[in-house]
Amino acid sequence: LVINQTKKSLEIQPGETLLETLRANGYTGVKYGCGSGDCGACMVLLNGEPVNSCQVLTASVVGESITTIEGVGTMDKPHPVQEELVKAGAVQCGYCTPGIVLSAVALLNRNPHPTDEEIKMAIDSHLCRCTGYVKIIEGIRNASERTDIPGSEFKVPRAKHRK
Amino acid sequence: MSKKESIKTRNPKLETRNFSTVGVSVNKIDALSLSTGRAQFTDDFSVPNTAHIKLLYSPHAHAKIISFDASDALKIPGVIDIIHHGNVPAILHTTAGQGYPEPSPYDTLMFDSTMRFVGDRVAAVLAETPEIAEAAVSRIKVEYEILPALLDFEKATDDDAPIIHPEKGKGYLIGAPYFPEKNIAAKILIDVGNLEQGLKESDLTFSETFYSHYGSHSALEPHAALSYLDERNRLVIVSTTQVPFHARRICSHLLQIPIRQIRVIKPRIGGGFGAKQEVFLDYIAGIFTLRTGRPAKIVLTREEVFISSRTRHPMRVTVQAGVQKDGTIHAIALNALMNTGAYGAHALTVLSNAGSKVLPLVNKAPHQRFNGITVYTNLPVAGAYRGYGATQGYFPFGQMMDIIARKLGIDVLDLYRKNAIRKGETSPIFQKLGEGKEGVEQIIESCGLDECIDRGAQEIGWKDKRNKKIRNGAKVRGVGMACMMQGSSIPRVDMGAAYIKMNEDGSFNLQIGATDIGTGSDTILGQIAAETLCVGIDDMLVTSSDTDFTPFDVGAYASSTTYLSGEAVRKCAVKINLQILSVAAEMSRMPVESLTMKEKKVFYPGGELSFQDICHYAMYTANQFQIQASESHFTTASPPPFAAHFAEVEIDTETGDIRVVKYVAAVDCGQPINPKLVEGQIEGAVVNGISWALTEEFLFNEKGKLTNPNFGRYKIFTAADLPDIKTIVVPTWEPTGPYGAKSVAEIGINGPAPAIANAIFDAIGVRFHSLPFTAEKIFQALKKSER
């Protein structure tokens with residue numbers, strides 16, 4: 001697998017999901033929320049497109065490019081999306097946040113100036129029980145208005161095939 | 001120290017209300033680490049050699065275990081240990097994480113031979129991997145004698161109802177009324193004046209019955225616990241808990257080891273909303289670690305959270321009201337029947353809150369009654385859930401106010417204005433109805449309800465939309481509203497404590513027992529300390545909720561943290577403030593009275609001292625000591641926040657489809673410490689409340705099994721479902737709170753159900769007495785009303 005632009009050779013069990021593989025290998029920013037692909041807490045980018053990693057068998061994505069939250073920004077150099085979510089007060093318990101950051105980054109990569117409706121649709125596969133989504137939408141909107149996005153150091157692989 | 005602390009200087013900020021950190025929306029201190037995935041939740045902790053736990057649950061709503069055979073399961077390679085009712089001590093307790101003695105009945109065992117709901121725990125397996133543990137669970141052989149199940153809570157006290165807890169020895173430590181032979185887990189009757197006489201004296205009387213339903217907290221992080229022995233053989237439990245100190249005490253009781261042998265650590269928590277005020281996993285991990293010496297971890301699946309953790313208490317409430325023609329409410333009664341499910345966690349106190357947080361809103365009625373009964377059933381166990389009974393009380397109350405206003409032909413806003421409690425007033429209910437004991441008398445010292453009503457009405461366009469049934473083809477719109485209050489902590493019950501010490505660089509460690517479960521309390525308490533100490537939030541290093549390293553706090557519940565723990569922090573910081581001034585006086589040889597503190601400096605006539613200078617002096621130069629202090633706070637008041645909520649709905653009369661178009665929540669929570677976090681609390685609670693009112697529903701089959709234990713079929717709101725939400729914060733000043741603050745966490749969830757119900761009535765003239773308001777129900781009601 002190529003995880004966060006680094007080639008990794010990992011041992012996996014038969015039937016192991018990408019969520020399990022990633023968490024077992026230290027990518028604990030990827031969260032388990034439901035195991036049924038309904039909540040988005042385990043969202044990662046697969047070749048630049050958001051996927052619920054609990055619904056992906058690791059064996060089916062061998063050789064593909066995975067971006068986890070650990071590959072998006074750091075405490076010292078956060079991605080503008082991360083910064084703006086913080087500023088907007090969009091992070092309460094923060095359990096859903098990594099997944100939402102990834103969906104937002106993917107959105108802004110393909111559509112740098114989304115409308116509020118487009119933001120809502122981009123994060124519609126995520127559940128958040130703390131914020132009521134209001135400040136998450138505000139944070140992503142603010143990020144989309146920044147001129148420094150996407151910074152080249154944060155650029156994630158674009159989708160190979162756009163629908 | 002005592003001399004220094006006795007210097008009588010009040011924090012000048014309290015008088016001027018000219019704040020630098022309080023009232024500012026500083027960034028939540030853990031937000032960046034959370035958004036970069038760095039923050040550690042319970043399941044992110046890894047201890048070498050950890051074994052994994054899986055649970056076996058009862059498939060029957062009511063059954064006795066006749067035989068239990070784990071021999072095959074134990075033969076599976078990698079299975080380490082299996083516990084069940086036959087090999088663990090039978091210690092009665094309550095899983096409710098409340099203060100001691102808990103006002104909930106002791107009716108629960110770690111593992112029991114009687115199963116009381118589908119999801120009751122039969123056994124637990126410890127194995128090298130979660131997969132092996134799961135395989136072992138499926139190999140345990142259990143024979144059951146199936147007993148008749150009680151699945152209709154309205155039949156719980158019938159003569160022929162199955163008895164859920166016939167065993168002797170169960171009941172309340174506090175001696176509260178308890179009649180398990182009638183399936184009654186709690187009973188309350190409070191009278192003010194004489195209800196019957198009051199109804200007789202009224203021009204108009206009303207009586208209607210409403211039903212609130214189950215609800216899943218749906219915290220995105222499932223419950224989890226990790227336990228291990230430290231190098232001195234003490235038991236460490238990392239837990240997704242809202243109540244670390246109560247968890248330690250309850251684990252000590254169940255594991256039969258002293259409190260000193262247990263350390264509970266709360267890391268980041270992925271939401272709680274009351275779900276994690278229950279202590280039911282920590283001791284399972286703990287007992288395995290004690291039995292085997294192995295670190296043990298349990299993480300519930302989402303399905304397990306649904307079937308086996310906790311829910312909102314369903315409630316039937318009959319509201320009786322007697323009203324004079326001028327709109328004066330003369331008599332009011334809430335008659336509640338509450339379903340606690342198989343066990344009585346919070347059976348008494350959620351019930352009492354349905355009265356104590358509702359009736360005082362119409363404090364002037366001379367005749368009031370709260371008559372409540374909590375019953376056991378063979379259904380999932382209810383527990384604490386944001387709103388805590390007030391939600392179930394306001395659904396009927398808020399509709400009754402609407403019904404009364406319509407009958408009298410007056411604006412419901414005026415009905416509230418005429419009858420609602422005001423600053424300077426009290427309610428006899430405050431004293432009569434407490435939590436497991438008598439309440440506390442209190443005078444309302446801050447109330448912004450009138451302004452909430454006025455501003456909310458203006459924002460929703462009340463005058464232009466109410467009673468207008470504005471149509472667009474098959475779609476028709478309506479507006480409704482509801483007013484509410486909550487409390488701030490449990491008076492004379494709750495206590496929180498804080499410790500602060502100063503470092504050479506002018507920073508401070510703030511250590512608090514208070515439990516940040518995503519609310520932002522670490523930040524808010526840091527702001528309160530920073531304000532008092534004239535520093536920035538970055539100068540506060542906040543550590544919370546480690547039973548070894550932070551002082552006691554009851555935990556995150558009862559809307560208490562900002563108000564209660566916040567005042568402990570403020571008082572503690574005032575002590576530090578005085579110590580700093582006293583050192584500065586010694587250094588500058590100036591009287592303390594001539595000193596002022598500002599922006600990390602102390603100014604004296606002719607000079608200034610930096611906090612660094614002062615701390616260095618105290619640590620290294622003369623009369624050395626650590627600038628440090630601790631403080632506790634408990635309260636004799638529970639000042640209510642107030643709110644007025646307004647909903648505009650659009651109903652498709654051809655399909656019954658309902659959409660909340662706009663939602664306005666105006667709230668008085670005193671002085672907001674962090675306005676953005678206040679808004680976040682309200683928005684989160686409101687969306688949870690709307691979702692509970694419209695789409696969330698527990699579906700059971702005829703055997704009492706939950707048939708939709710997943711987010712695919714238990715529908716909680718997503719971003720695409722959102723109405724336009726407007727939050728209006730009406731600032732007031734609560735003199736008993738830290739920097740004028742009251743609570744805000746719970747109140748917001750009480751409004752959506754009644755406000756939307758009233759808006760539906762405004763649109764289509766149909767009154768809904770039960771939740772949720774699904775398109776199907778609306779469609780059926782429309783069809784019926786056409787006939």
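Helix α12 (residues 412–419) of chain B has as its buried residues B:V412, B:L413, B:L415, B:Y416 and B:N419. These residues cover an arc of only 160° around the axis, so they lie on the same side of α12(B). The model is a predicted one.

**Helices α11, α12 and α20 of chain B**

- The buried residues of α12(B) pack against β14 (329–341), α11, α14 (449–460) and β17 (475–485) of chain B.
- Helix α11 (residues 390–408) of chain B also packs with helix α20 (residues 752–764) of chain B, at an angle of about 35° and with the axes 8 Å apart.
- The crossing of α11(B) and α20(B) is right-handed.
- On the α11(B) side the contact is made by B:Y394, B:F395, B:G398, B:Q399 and B:D402, and on the α20(B) side by B:A753, B:P754, B:A755, B:A757, B:N758 and B:F761.
- By class, the residues of the contact of α11(B) with α20(B) are seven nonpolar, three polar and one charged.

**The four-stranded sheet of chain B**

- An open sheet is formed by four strands of chain B in the order β20-β19-β18-β24, with mixed pairing.
- The edge positions are held by β20 (540–544) and β24 (628–634) of chain B; each has a single partner strand, so one side of each is left without a neighbour in the sheet.
- From one strand to the next, the twist averages 20°.
- Strand β18 (residues 495–502) of chain B pairs with β24(B) in the antiparallel sense over seven bridges.
- Within β24(B), B:H633 stands opposite B:G496.
- Helix α16 (residues 521–533) of chain B lies across β18, β19 (508–512) and β20 of chain B and runs at about 140° to β20(B).
- Helix α17 (residues 561–588) of chain B packs on the sheet as well, where it touches β18, β19 and β24 of chain B. The direction of α17(B) makes about 150° with that of β24(B).

**Contact between chains A and B**

- Chain A gives 42 residues to the contact and chain B gives 47 residues.
- On the side of chain A that touches chain B, α2 (80–88), α3 (97–110), α4 (116–122) and α5 (134–144) of chain A each supply at least two residues.
- The largest share of that side, four residues, comes from α2(A).
- The side of chain A that touches chain B has 21 nonpolar, 14 polar and seven charged residues.

**Backbone features and loops**

- Most residues other than glycine have a negative phi, and most peptide bonds are trans.
- A:N4, which is not a glycine, has a positive phi of about 50°. A:N4 lies in the loop between β1 (2–3) and β2 (6–7) of chain A.
- With 18 C-beta neighbours inside 10 Å, A:N4 is partly exposed.
- B:R492 is not a glycine either, and has a positive phi of about 60°. B:R492 lies in the loop between β17 and β18 of chain B.
- B:R492 has 17 other C-beta atoms within 10 Å and is partly exposed.
- B:Y100 and B:P101 are joined by a cis peptide bond with omega of about -10°. B:P101 is in the loop between β3 (79–84) and β4 (114–115) of chain B.
- A cis peptide bond with omega of about -10° also joins B:L771 and B:P772. B:P772 is in the loop between α20 and α21 (775–786) of chain B.
- B:K468 is found in the loop between α15 (462–465) and β16 (471–472) of chain B. The C-alpha atoms of B:K468 and B:G478 are separated by 7.3 Å, and the two residues are ten residues apart along the chain.

How values were computed
Residues numbered from 1 in each chain as written. Chains lettered and ligands numbered in written order. Predicted model: local features only at pLDDT ≥ 70, side-chain atom pairs only at ≥ 80, totals over all residues. Contact = placed C-beta atoms within 7 Å. Nonpolar A, V, L, I, M, F, W, Y, C, P; charged D, E, K, R; others polar. Pairing = 2+ DSSP bridges. Axes fitted to C-alpha atoms, helices over the stretch in contact; angles between N-to-C directions. Left-handed = near helix turned anticlockwise from the far one by under 90°. Buried ≥ 20, exposed ≤ 12 C-beta atoms within 10 Å, placed from the backbone. Arc of directions from axis to C-beta.
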